[in-house]
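User: I'd like to go through the labels on this model and hear what each one rests on. Can we start with charge pairs?

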Amino acid sequence: MPLAAILLLLLAAQATENLPALGPPSPDQVRQEFLARLNEARSAAGARPLVLVEPLNRVAQQNAEEVRDAGGAVHYDEQAIPRIHQRLRKVGYVAHGWHQEFAAAPGNAGEVLAWIRSDLPASFEALLEPNYLELGVGISNLKGSPLYTFFLAWRESESFARETAALGNLERVRAEMLARVNAERATAGAPPLRLDPRLDDAAQHHAEDMLVRSYYSHISPDGTSPASRTRKGGYAGRIVGENIARGPLAVQEVVSNWMASSEHRRNLLLPAFTHLGVGVVVGRNAAMGDTVIWVQDFGSPAGP
């Protein structure tokens with residue numbers, strides 16, 4: 001063998017000796033690999049990708065260690081569910097819903113998920129559930145085999161955002177409200193109302209003001225009333241009325257609530273009213289948390 005070739009072989013051997021030995025992947029690497037493989041499967045199923053979040057990693061890790069210490073027993077009994085809720089609260093995660101799956105199997109992330117898919121198809125389908133958006137992975141061992149906990153959840157704030165997304169279209173909300181109110185008035189024998197943009201503006205401004213200044217009343221902190229607000233908006237009403245509500249997430253729900261209240265029902269069905277204005281705002285403040293505030297302004301214009 002030529003001297004140059006021998007020298008190259010010796011140099012290569014020396015360089016190999018100086019390389020650090022490759023150990024097993026770290027827990028973070030394992031979690032990232034599971035995330036990548038799961039998101040490939042979710043993409044194929046048309047579900048949004050998951051995001052790996054540290055609070056859920058911590059909960060999943062505690063759950064994995066609990067199963068390990070119990071010798072593999074998994075019980076969702078009266079004690080287990082409150083324990084998990086307590087763990088979520090402790091890490092500051094407000095969950096609207098959560099689900100977890102366990103797997104004890106050797107191999108890399110792709111192999112473990114392939115085994116779940118073939119042997120535990122219901123568990124695999126649960127990992128693709130589109131409502132869940134965030135993931136935590138717990139890593140432990142069970143009788144000599146790697147043990148994994150997959151903890152999926154979606155936040156209360158995410159649920160609220162989904163449930164109120166349609167309220168962002170004010171034109172559609174007002175049309176739906178008018179139709180719902182006029183259906184109730186028709187049943188009661190009252191004439192239909194018409195939307196008035198000046199009443200819409202007054203109702204919307206009042207809803208937004210209540211959210212921004214964290215109060216809930218027909219009278220604002222600086223003393224404005226339904227009559228003064230509608231008059232300021234250019235609607236000179238012979239009579240004016242107002243309904244407000246906080247909390248309902250849809251037109252049908254809020255109208256049903258108003259109809260169940262004698263005072264609000266009176267405004268809704270009063271034959272003398274001819275016009276309606278609708279305001280709705282979705283948001284959050286310190287006093288109310290995530291909330292929806294609704295305002296109806298009723299009026300009949302001044303005349304002879």
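Analyst: A salt bridge is a side-chain nitrogen of Lys or Arg within 4 Å of a carboxyl oxygen of Asp or Glu. This is a predicted model, where local features need pLDDT of at least 70 and side-chain atom pairs count only at pLDDT 80 or more, while totals for chains, interfaces and linings use all residues. Residues are numbered from 1 along each chain as its sequence is written, and side-chain values use heavy atoms, leaving out hydrogens and water.

User: What makes Asp222 and Arg213 a salt bridge?

Analyst: The N to O distance between their side chains is 3.5 Å, and that falls within the limit, so the pair qualifies. Asp222 has a relative accessible area of 55%, so it is exposed (over 50%; buried is under 20%, partly exposed in between, with a 1.4 Å probe and protein chains only). Arg213, at 37%, counts as partly exposed.

User: How many salt bridges does a search of the whole structure find?

Analyst: There are 14. One of them pairs the side chains of Arg87 and Glu66, at 3.0 Å from N to O. Arg87 sits in helix α4 (residues 80-90) and Glu66 in helix α3 (residues 54-69), so this pair ties together parts 21 residues apart in sequence.

User: How do you know whether Arg87 is buried or exposed? And where does Glu66 fall on that scale?

Analyst: Arg87 has 14% relative accessibility, which puts it among the buried residues. Glu66 comes out at 28%, so it is partly exposed.

User: Which parts of the chain does the pair of Asp200 and Arg174 link?

Analyst: Their side chains meet in a salt bridge at 3.6 Å, N to O. The link is between distant parts of the chain, with Asp200 in helix α9 and Arg174 in helix α8, 26 residues apart. Both Asp200 and Arg174 are buried.

User: What about Arg185: how far away is the nearest side chain of opposite charge?

Analyst: That is Glu184, 10 Å away. Arg185 is buried and has no salt bridge. The backbone oxygen of Leu270 does lie 3.0 Å from a polar atom of the Arg185 side chain. Arg185 belongs to helix α8 (residues 170-188).

User: Which residues does Arg185 touch, leaving out those up to four places away in sequence?

Analyst: Contact means heavy atoms within 4.5 Å. Among the residues that Arg185 touches are Ala190, Pro191, Asn267, Leu270 and Phe273.

User: What makes Thr164 count as buried?

Analyst: Its relative accessibility is 7%, so Thr164 lands in the buried class. Thr164 is in the loop between α7 (156-163) and α8. Leaving out residues up to four places away in sequence, Thr164 touches Leu249, Val282 and Val292. Ser123 is 41 residues from Thr164 in sequence and 30 Å from it in space, C-alpha to C-alpha.

User: And how far apart are Glu111 and Arg37, in sequence and in space?

Analyst: They are 74 residues apart in sequence and 9.9 Å apart in space, C-alpha to C-alpha. Glu111 is in helix α5 (residues 109-119). At 46% relative accessibility, Glu111 counts as partly exposed.

User: What is the phi of Lys143, and where does Lys143 sit?

Analyst: Lys143 has a positive phi of about 55° although it is not a glycine. Its place is in the loop between β3 (134-142) and β4 (145-155). With 74% relative accessibility, Lys143 counts as exposed.

User: What is the phi of Ser214?

Analyst: Ser214 also has a positive phi, of about 55°, and is not a glycine either. Ser214 lies in the loop between α9 (197-212) and α10 (226-232). At 32% relative accessibility, Ser214 counts as partly exposed.

Conventions
Helices (H or I, at least four residues) and strands (E, at least two) are DSSP runs, numbered from the N terminus. Lys and Arg count as positive and Asp and Glu as negative; His and the chain ends are not counted. A polar contact is a pair of N or O atoms within 3.5 Å; within protein, one must be able to donate a hydrogen and the other to accept it, and residues adjacent in sequence count only if both atoms are side-chain atoms.
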